[in-house]
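Please read them with the structure open.

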Amino acid sequence: MVNRIETITSLLSERVISPIYSSDFRIIEIGGCSAILIYRTSNIDGSHQVLRSSHWVLSVANDWTLLFHQGTPAK
């Protein structure tokens, strides 16, 4: 676990921005107003593989809003 300051410091120290490859998208619908998006990301060379999930909710204004996102290193 890292805190906010550690995260910001790490992001500011990055010098090279690698293109990210996303794949294996799946959507799990939870009722008509909520969905979980599950997918995988990695650098183009296949390194730094991460399993990702996002919880999206449909607002009263009919806009999809990200409620929660998690990324877990893949083995």
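Is R40 buried, partly exposed or exposed, and why?

1. **R40.** This is a predicted model. R40 counts as partly exposed, because its relative accessibility is 26%.

2. **The salt bridge.** The structure holds 1 salt bridge. R40 forms it with D24. The closest N and O atoms of the pair are 3.7 Å apart. The cut-off for a salt bridge is 4 Å, so the pair counts. Distant parts of the chain are linked here: R40 sits in strand 2 and D24 in strand 1, with 16 residues from one to the other. In general, side chains of opposite charge can pair when their charged atoms come close.

3. **D24.** The partner of R40 in the salt bridge is D24. D24 has 53% relative accessibility, so it counts as exposed. The threshold for that label is over 50%.

4. What is the order of the strands in the open sheet? The order is 1-2-3-4, for 4 strands with antiparallel pairing. Strand 1 (20-29) and strand 4 (64-73) stand at the edges. Each has a single partner strand, so one side of each lacks a neighbour in the sheet. On average, neighbouring strands are turned by 20° against each other, direction ignored.

5. **Strands 1 and 2.** Strand 2 covers residues 34-43 and runs antiparallel to strand 1, with 8 bridges joining them.

6. **Strands 2 and 3.** Strand 2 and strand 3 are joined by 8 bridges and run antiparallel. Their hairpin has 6 residues between the strands. G46 takes a positive phi near 90° there.

7. **Strands 3 and 4.** Strand 3 takes in residues 50-58. V57 stands opposite T65 in strand 4.

8. **L37.** Which residues does L37 touch, leaving aside its neighbours within four places in sequence? L37 lies in strand 2. It is in contact with F25, R26, I27, R52, S53, S54 and W56. S23 is 14 residues from L37 along the chain, and their C-alpha atoms are separated by 12 Å.

Conventions: Residues numbered from 1 in each chain as written. Predicted model: local features only at pLDDT ≥ 70, side-chain atom pairs only at ≥ 80, totals over all residues. Heavy atoms only, no water. Pairing = 2+ DSSP bridges. Helix = DSSP H or I, 4+ residues; strand = E, 2+ residues; numbered from the N terminus. Axes fitted to C-alpha atoms, helices over the stretch in contact; angles between N-to-C directions. Contact = heavy atoms within 4.5 Å. Salt bridge = Lys/Arg side-chain N within 4 Å of Asp/Glu carboxyl O. Buried < 20%, exposed > 50% of the residue type's maximum accessible area, 1.4 Å probe, protein only.
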